[in-house]
Amino acid sequence: MVAYRIDRHSGVATYVQIVQQTKQALRLGLLRPGDRLPTAREVVEATAINPNTVLKAYRELEREGLVEARRGLGTFVRRSLGATPADDSPLRAGLGAWAAEARAAGLDREDVAALFAAVLDEVFPAPDGPSGVFPTPDGPSGHPDHPDHPSSPSSPDSPSNPSNPSSKPALQGGDPS
């Protein structure tokens, strides 16, 4: 089961954070077809958000064909996303070693995210140019030069601070800590 963490200072709508975290869980294999999502009541109790916000997120996921609501039973995963390597794969181990090396070299989380996004854009170019999206690939662009980015010149009054690690939505597996 996935536990949602809501960052009220991120500038990202709460229902979008739920959608993004659910998609990330699907990509990472934390949620699989047939798994039940937490009920709206469970999410409300854990996060203190409005139940309609949870239902809006679940309707969006259902519209995208990722989940299905079963009357009286709950909301269940219909399909997974991507083919993320398992925890014990060589790709994941290599990425973990690279991240540890970057940390040892003095890079912080945001530096690593920026570097990774730049390389990702080079290796996987978007049809309409660089996306710079990291760590939430299904949300608005994370690229600082993109007009939708919170720190872009076109949005100087945005409440989000991309250099603040707490401004990013986080995904937790079953462990809320």
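Over the ring of which residue does the charged end of lysine 56 sit? In this predicted model, the ring belongs to tyrosine 15, and the charged end of lysine 56 lies 4.2 Å from its centre.

**Figure 1. Overview of the elements in the predicted model.** The protein contains 5 helices and 4 strands, and from the N terminus on these elements follow the order β-α-α-α-β-β-α-α-β. Of the 177 residues in the protein, 29% are buried. The protein exposes about 10,900 Å², of which carbon and sulfur atoms supply 54%. Where contacts join residues at least 6 apart in sequence, 53% of them link residues at least 24 apart.

**Figure 2. Charged ends placed over aromatic rings.** The view takes in lysine 56 and tyrosine 15, with the charged end of the lysine over the tyrosine ring. As for pairs between aromatic rings, the count comes to 0.

**Figure 3. The salt bridge between lysine 23 and glutamate 64.** A search of the whole structure finds 4 salt bridges, and in the one shown here the closest N and O atoms of lysine 23 and glutamate 64 are 2.7 Å apart. Because lysine 23 lies in helix H1 (residues 14-28) and glutamate 64 in the loop between H3 and strand E2 (67-70), the pair ties together parts that are 41 residues apart in sequence. Lysine 23 counts as buried, since its relative accessibility is 8%, whereas glutamate 64, at 26% relative accessibility, counts as partly exposed.

**Figure 4. The salt bridge between arginine 63 and glutamate 60 in helix H3.** The side chains of arginine 63 and glutamate 60 meet with an N to O distance of 2.6 Å. The two residues are separated by about one helical turn, because they stand 3 residues apart in helix H3. Arginine 63 counts as exposed at 61% relative accessibility, while glutamate 60, at 22%, counts as partly exposed.

**Figure 5. The salt bridge between glutamate 42 and arginine 36.** In this pair the closest N and O atoms are 3.7 Å apart. Glutamate 42 counts as partly exposed, with a relative accessibility of 34%, and arginine 36 is likewise partly exposed, with a relative accessible area of 27%.

**Figure 6. Alanine 48 in the loop between helices H2 and H3.** Alanine 48 is placed in the loop that runs between helix H2 (40-47) and helix H3 (51-63). Its phi is near 60°, which is a positive value in a residue other than glycine. Alanine 48 has a relative accessibility of 62% and therefore counts as exposed.

**Figure 7. A nonpolar patch on the surface.** The patch is formed by Leu95, Trp98, Leu115, Val119, Val123 and Phe124, which together have about 560 Å² of accessible area. The elements that give two or more residues to this patch are helix H4 (90-104) and helix H5 (109-123), and H5 gives the most, with 3 residues. Valine 123 is found in helix H5, and because its relative accessibility is 54%, valine 123 counts as exposed.

Conventions. Residues numbered from 1 in each chain as written. Predicted model: local features only at pLDDT ≥ 70, side-chain atom pairs only at ≥ 80, totals over all residues. Heavy atoms only, no water. Patch = residues over 30% accessible without salt bridge, like charges linked within 9 Å, V, L, I, M, F, W, Y side chains within 5 Å. Areas by Shrake-Rupley, 256 points an atom, 1.4 Å probe, with all protein chains shown as cover. Buried < 20%, exposed > 50% of the residue type's maximum accessible area, 1.4 Å probe, protein only. Phe/Tyr/Trp six-rings, centres within 6.5 Å; stacked < 30°, edge-to-face > 60°. Lys NZ or Arg CZ within 6 Å of the ring centre and 35° of its normal. Contact = heavy atoms within 4.5 Å.
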